[in-house]
Amino acid sequence: GGYQRSSLDGRTALVTTLTNVNEATGRPEIIRLITTQLRNGQLFYMVAVAPQNERGFESAFNQILRSVRIND
């Protein structure tokens, strides 16, 4: 459990990594949850899910995070 601090479009964000076994495939998977607070107090969140042994998941997820732009 736990979380790590990160940045999302220049804002402080929290990232939590979870694990699960996919019911359809029986394979372990990684679930990455990232959250940040919007100016109006609402919560913005993103969820990324990938097979645990999927190469490139980490770099793909980081590219997505760098590309996010929040206009609030």
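**Opening question**

In which sense do strand 3 and strand 4 pair, and over how many bridges? Strand 3 and strand 4 pair in the antiparallel sense, over 9 bridges. Two strands count as paired if DSSP finds at least two bridges between them.

This is a predicted model: local features need pLDDT of at least 70, side-chain atom pairs count only at pLDDT 80 or more, and totals for chains, interfaces and linings use all residues. Residues are numbered from 1 along each chain as its sequence is written, and side-chain values use heavy atoms, with hydrogens and water left out.

**The chain as a whole**

The chain has 1 helix and 4 strands. From the N terminus, the order is β-β-β-β-α. Helices (H or I, at least four residues) and strands (E, at least two) are DSSP runs, numbered from the N terminus.

The C-alpha atoms fill a box of roughly 40 × 20 × 20 Å, taken along the principal axes. Of the 72 residues in the chain, 28% are buried. Buried means under 20% relative accessible area, exposed means over 50%, and partly exposed lies in between (1.4 Å probe, protein chains only). The accessible surface is about 5200 Å², and 47% of that belongs to carbon and sulfur atoms. These areas come from the Shrake-Rupley method with a 1.4 Å probe; for residues, only the protein chains shown count as cover.

**Strand 3 and its partners**

Strand 3 is mostly covered, with 7 of its 10 residues buried. Strand 3 also pairs with strand 2, in the antiparallel sense, over 8 bridges. The hairpin of strand 2 and strand 3 has 6 residues between the strands, and G26 there takes a positive phi near 75°.

Strand 3 and strand 4 form a hairpin too, with 5 residues between them. In that turn, G41 has a positive phi of about 95°. On the strand 4 side, V47 is the bridge partner of L33.

**A look at R32**

R32 lies in strand 3, which spans residues 28-37. Is R32 buried or exposed? R32 counts as buried because its relative accessibility is 7%.

R32 is the bridge partner of T17. The side chains of R32 and T17 also make a polar contact, at 2.7 Å. A polar contact is a pair of N or O atoms within 3.5 Å; within protein, one must be able to donate a hydrogen and the other to accept it, and residues adjacent in sequence count only if both atoms are side-chain atoms. Not counting residues up to four places away in sequence, R32 touches several others, including V15, M46, F57 and F61. Contact means heavy atoms within 4.5 Å.

**The nonpolar core**

The largest nonpolar core has 14 residues. Those with the most contacts inside it are L8, I34, M46, F57, F61 and L65. Strand 2 (11-21), strand 3, strand 4 (43-51) and helix 1 (57-67) each give two or more residues to this core. A nonpolar core is a set of buried Ala, Val, Leu, Ile, Met, Phe, Trp, Tyr and Cys residues joined through side-chain atoms within 4.5 Å. Leaving aside neighbours within four places in sequence, L8 is in contact with residues including I34, M46 and L65.

**An aromatic pair**

F57 and F61 both lie in helix 1, 4 residues apart, about one turn of the helix. Both are buried. F57 and F61 form a stacked aromatic pair, 6.1 Å centre to centre, with 25° between the planes. Rings of Phe, Tyr and Trp (its six-membered ring) pair if their centres lie within 6.5 Å; planes under 30 degrees apart count as stacked, over 60 as edge-to-face and the rest as tilted.
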